[in-house]
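Please consider the following model together with its sequence.

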Amino acid sequence: MFDMATSDRNNVTVTGRLDGPVALLAHGFGCDQHMWRLVVPALAERFRVVMFDYVGSGKSDPSAWDQERYSSLDGYADDVLTICAELDLTEVMFVGHSVSAMVGVLAAAGQPQRFASLVMVAPSPRYIDDEATGYVGGFTAADIDELLESLESNYLGWSGAMAPVIMGNPDRPELGEELNNSFCATDPDMAAVFARTTFLSDSRADLASVTVPTLVLECSQDAIAPRPVGAYVHAAIPGSRLVTLDATGHCPQLSAPEATARAILEFAGTAR
């Protein structure tokens, strides 16, 4: 399926039309590029599809992991920009799932000349509610503290309990099992750092920096990024498009891949 590998550190892979526009796919916490496999065939008919694993995830080089670097979303954004530089990528459509949607915002702000558009799949700029502003993130501070404490004290147990909740399709247990397997394949110490970076981040102010065409792609039912979050992101990015998939859970690229790919391709057709 994959035509070449360009970086051992991030296990970069490229497929699709090598002369086509670039779609750079970035996975979320606890996942890897394999999570995109069901939408890639549709995208590959039109795009040069570039995928990678964040350091500490998938088949990336664990020796490249640095706790201080990856305790901030800026570290992940720097990795995205390094990949873009190594492959000389421009006019990129960045497709980021979950926390990677915010990584894409930071990367596009850092080097706007490389990015043509953003696709934010189940994004959340802040997971914790903010009573002072009325922002609804879906979790209280106590919820997140409990989540992180559970993750750090018993990572495998946390993975087994949370994967079905995140996936949100109880009638399709194989999806939750796949996500659990992905979690369990991640080094617990590295996962703990990524989890804190993800769930304690607040990227709301960064949304104002987005100037490229943007698709906000949410699910109709999502326990991790509920619909008020999608509405917030859409309102915070002028000119963005909000599409609500008739899908359940936080990973529509697995639970509703055809609808996800269709929404991305329809957006790409008008964004360029």
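Predicted model: local features only at pLDDT ≥ 70, side-chain atom pairs only at ≥ 80, totals over all residues.

Ser117 belongs to strand 6. Its C-alpha atom lies 8.7 Å from that of Thr211, although 94 residues separate Ser117 and Thr211 in sequence.

Cys219 and Val121 are 98 residues apart along the chain, yet their C-alpha atoms are separated by 8.8 Å. When residues up to four places away in sequence are not counted, Cys219 touches Arg227, Thr244, Leu245, Ala247, Gly249 and Pro252.

Helix 8 spans residues 227–236, and Val229, Gly230 and Val233 are buried within it. Viewed down the axis of helix 8, these buried residues fall within an arc of 100°, so they line one face of the helix.

The next topic is the nonpolar interior. In soluble globular proteins, nonpolar side chains tend to be buried together. The largest nonpolar core of this model has 67 residues, of which Phe29, Val80, Phe115 and Met120 touch the most other members. Helix 3, residues 99–110, gives the most to this core, contributing 8 residues. A second core is separate and has 25 residues, among them Ala23, Ala44, Leu245 and Ala268.

Apart from its neighbours within four places in sequence, Val80 is in contact with Leu24, Phe52, Tyr54, Phe94, Val103, Ala107 and Phe115.

Leu73 is found in helix 2. With a relative accessible area of 7%, Leu73 falls under the 20% limit and is therefore buried. Leaving aside neighbours within four places in sequence, its contacts are Val99, Met102, Val103, Leu106, Thr197, Ser201 and Ser203. Leu73 and Asp206 are 133 residues apart in sequence, with 12 Å between their C-alpha atoms.

The packing of one helix pair can be followed in some detail. Two packed helices are described by the angle between their axes and the distance between the axes. For helix 4 (residues 141–153) and helix 5 (residues 155–167), the axes come within 5 Å and cross at roughly 125°. Helix 4 and helix 5 are therefore oblique to each other. Which residues meet in this pair? Leu147, Ser150, Leu151 and Ser153 of helix 4 meet Tyr155, Trp158 and Met162 of helix 5. Sorted by class, the contact of helix 4 with helix 5 comprises 5 nonpolar and 2 polar residues, with no charged residues.

The loops complete the picture. Most residues other than glycine have a negative phi, and most peptide bonds are trans. Asp88, in the loop between helix 2 (73–86) and strand 5 (92–97), has a positive phi near 55° and is not a glycine. Its relative accessible area is 58%, so Asp88 is exposed. Glu91 lies in the loop between helix 2 and strand 5, and its phi is positive at about 50° although Glu91 is not a glycine. Glu91 counts as partly exposed because its relative accessibility is 47%.

Arg46 is located in the loop between helix 1 (40–44) and strand 4 (48–51). At 30% relative accessibility, Arg46 is therefore counted as partly exposed. Arg46 and Gly16 are 30 residues apart along the chain, and their C-alpha atoms are separated by 7.2 Å.

Technical notes:
Residues numbered from 1 in each chain as written. Heavy atoms only, no water. Core = buried A, V, L, I, M, F, W, Y, C linked by side-chain atoms within 4.5 Å. Buried < 20%, exposed > 50% of the residue type's maximum accessible area, 1.4 Å probe, protein only. Helix = DSSP H or I, 4+ residues; strand = E, 2+ residues; numbered from the N terminus. Contact = heavy atoms within 4.5 Å. Axes fitted to C-alpha atoms, helices over the stretch in contact; angles between N-to-C directions. Parallel < 35°, antiparallel > 145°, perpendicular 65-115°, else oblique. Nonpolar A, V, L, I, M, F, W, Y, C, P; charged D, E, K, R; others polar. Arc of directions from axis to C-beta.
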